[in-house]
Amino acid sequence: MLSDKTYDRYQRQLILKGFGAAAQDKLAAAKVLVIGAGGLGCPALQYLVAAGVGHLGIVDNDVVAISNLHRQVLYDHEDIGKPKVEVASQKLTRLNPGISIQTWQVHFGQQQCAELLPLYEIVVDGTDNFASRYLINDACVLWQKPLVFGAVSQFEGQVAVFNSIRKDGTRSVNYRDLFPLPPAAGEVLSCAEAGVLGVLPGVIGTMQATEVIKLITGIGELLTDRLLTYNALTQDFFTMQLESNPAAVDHLPTSVDSFMKMDYEVLCGNKITGIDEISYRELAGRQDLQIVDVRDLHEQPRITEFSCLTIPLKELEWNLDELDGKKVVFICQSGKRSMQAVQVFRGYDPDAEVYYLSGGVNSMPKQE
Amino acid sequence: MATEVMFFGQLTEITGSSRLAVADVRDTDALKEKLFQDYPSLSAAKFRIAVNNKIINDNTLISEDSKIAFMPPFSGG
């Protein structure tokens with residue numbers, strides 16, 4: 001039985017044919033985890049809270065930045081510098097005080113999957129990078145949770161419902177069926193690198209909320225086994241049918257144990273076997289490693305602690321024969337270019353033992 | 001006659017257009033080969049192909065009436 005107040009709040013959807021008190025009760029009982037309270041997460045959260053989804057979890061590690069405000073509509077100028085989950089929780093509670101909201105200001109990793117996924121029924125991916133997207137997909141397959149996926153690129157967005165239960169009881173396709181492995185690092189640019197029209201994640205995040213409401217209430221036809229792509233410039237929608245991909249199974253972790261041991265940053269090329277500061281000290285003692293500084297000649301400080309070759313990254317391709325048969329460590333200022341150098345060298349000699357100094361020269365101990 | 005191919009996301013930066021007409025290709029492998037010749041960086045890009053709005057896992061026959069789409073992954077949020 002709905003109270004008078006509840007009836008008034010949801011009256012416009014309660015009177016919909018095929019919705020009614022039964023659907024509203026399902027929403028009130030539902031538990032939804034929204035990962036990422038950014039461009040996609042903000043509108044998704046607002047509509048889920050407004051619609052009366054009873055229990056929401058929000059995970060985000062960031063604080064509000066001024067560059068968020070053109071699309072992350074939960075936040076205002078006064079919120080700059082405050083944790084997103086804190087501001088989101090306050091504003092959403094004001095929107096609908098009847099909703100229970102729990103927040104976690106953490107980076108969402110394997111541990112969080114293991115702790116939080118069992119507590120929720122549906123997961124919404126509002127993250128902004130491939131490492132998180134593959135992690136969340138794999139976790140939803142393992143913990144058997146439907147995943148409402150959304151992603152944007154400049155003027156276009158994608159939406160799909162992965163891993164939900166089909167009418168015949170089997171699970172619908174997941175993200176690995178679509179793309180078994182992530183693209184190479186730097187191939188597909190993020191919003192920070194390539195830009196995004198502010199309203200676009202608003203459209204896509206709202207579509208994600210729509211799919212969550214449909215999942216919970218059982219109305220309509222879900223975007224299962226389908227990928228919807230929206231183009232804001234043409235207002236075109238393109239839907240493609242997906243099917244399971246034999247390659248997907250090869251890459252999905254088969255157990256929680258193997259999932260916990262995966263390194264999604266490495267999988268997505270954000271990290272290649274690095275040498276930390278301790279290994280760096282070891283490095284000085286290892287005579288079998290050829291050290292190569294891939295910075296430009298003018299960059300400071302120069303490396304004096306050990307002998308090294310200097311080959312600027314942009315010239316590396318034409319000088320790889322100098323490194324024939326050697327075990328190589330690439331070094332640059334921050335670690336980024338030396339990671340690229342590793343990839344260039346791996347392309348030349350796939351079997352080479354090759355490292356980069358993570359954190360680069362910046363992370364080396366200061367000389368007295 | 002040519003088959004029309006649609007490109008999505010950052011693939012359009014490689015092809016310079018969201019739609020291209022490709023002549024004389026009888027299957028998706030031939031289509032890819034032709035496009036890789038014209039746009040070499042496409043061969044390094046990640047994408048899936050849909051024929052008539054259905055994703056394909058294997059080489060698929062196409063005609064000039066086929067609706068072809070090249071879909072890359074998006075990561076932004």
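This is a predicted model: local features need pLDDT of at least 70, side-chain atom pairs count only at pLDDT 80 or more; totals for chains, interfaces and linings use all residues.
1. Chain B contains two helices and five strands, and, read from the N terminus onwards, these elements follow one another in the order β-α-β-α-β-β-β. The radius of gyration of chain B is 12 Å, close to the 11 Å that the globule rule gives for 77 residues, so chain B is as compact as a globular protein of that length.

2. Of the 77 residues in chain B, 38% are buried, and, if one looks at contacts in chain B between residues at least 6 apart in sequence, 53% of them join residues at least 24 apart.

3. Turning to chain A, the secondary structure comes to 15 helices and 13 strands, and the C-alpha trace of this chain spans about 80 × 50 × 45 Å along its principal axes. Chain A has 368 residues, of which 41% are buried. Among the contacts in chain A with a separation of 6 or more, residues 24 or more positions apart account for 67%.

4. The two chains touch each other, with 35 residues of chain A in contact with 19 residues of chain B. On the side of chain A that touches chain B, at least two residues each are supplied by helix 6 (130-142), strand 5 (147-153), strand 6 (156-162), helix 8 (191-194) and strand 8 (236-241) of chain A. The largest share, four residues, comes from strand 8 of chain A. Sorted by class, this side of chain A has 16 nonpolar, 14 polar and five charged residues.

5. Helix 3 of chain A contributes A:L45, A:Q46, A:V49 and A:A50 to the contact, while helix 4 of chain A contributes A:A88, A:L92 and A:L95. By class, the residues of this contact between helix 3 and helix 4 of chain A divide into six nonpolar, one polar and no charged.

6. Helix 4 of chain A can also be checked for its length: at 1.5 Å a residue, its twelve residues should span 16 Å, and its end C-alpha atoms are 16 Å apart, which agrees. The buried residues of this helix are A:K84, A:V85, A:V87, A:A88, A:S89 and A:L92. Among the elements that cover these buried residues are helix 3, strand 2 (55-59) and strand 3 (100-104) of chain A.

7. Helix 3 of chain A has a contact with helix 9 (residues 199-217) of chain A as well, where the axes come within 7 Å and cross at roughly 40°, and here too helix 3 of chain A passes its partner, helix 9, in a right-handed crossing. From helix 3 of chain A the contact takes A:G41, A:C42, A:P43, A:A44, A:Y47, A:L48 and A:A51, and from helix 9 of chain A it takes A:G202, A:G205, A:T206, A:Q208, A:A209, A:V212 and A:I213. The residues of the contact between helix 3 and helix 9 of chain A divide into nine nonpolar, five polar and no charged.

Methods: Residues are numbered from 1 along each chain as its sequence is written. Chains are lettered from A and ligands numbered from 1 in the order in which they are written. A residue is buried if 20 or more other C-beta atoms lie within 10 Å of its own, exposed if 12 or fewer, and partly exposed in between; C-beta atoms are placed from the backbone. Two residues are in contact if their C-beta atoms, placed from the backbone, lie within 7 Å. Ala, Val, Leu, Ile, Met, Phe, Trp, Tyr, Cys and Pro count as nonpolar, Asp, Glu, Lys and Arg as charged, and the others, Gly among them, as polar. The radius of gyration is taken over C-alpha atoms; the globule rule is 2.2 Å times the number of residues to the power 0.38. The expected span of a helix is 1.5 Å times one less than its number of residues. Axes are lines fitted to C-alpha atoms, for helices over the stretch in contact, and angles run from 0 to 180 degrees between N-to-C directions. A crossing is left-handed if the near helix is turned anticlockwise from the far one by less than a right angle, and right-handed if clockwise.
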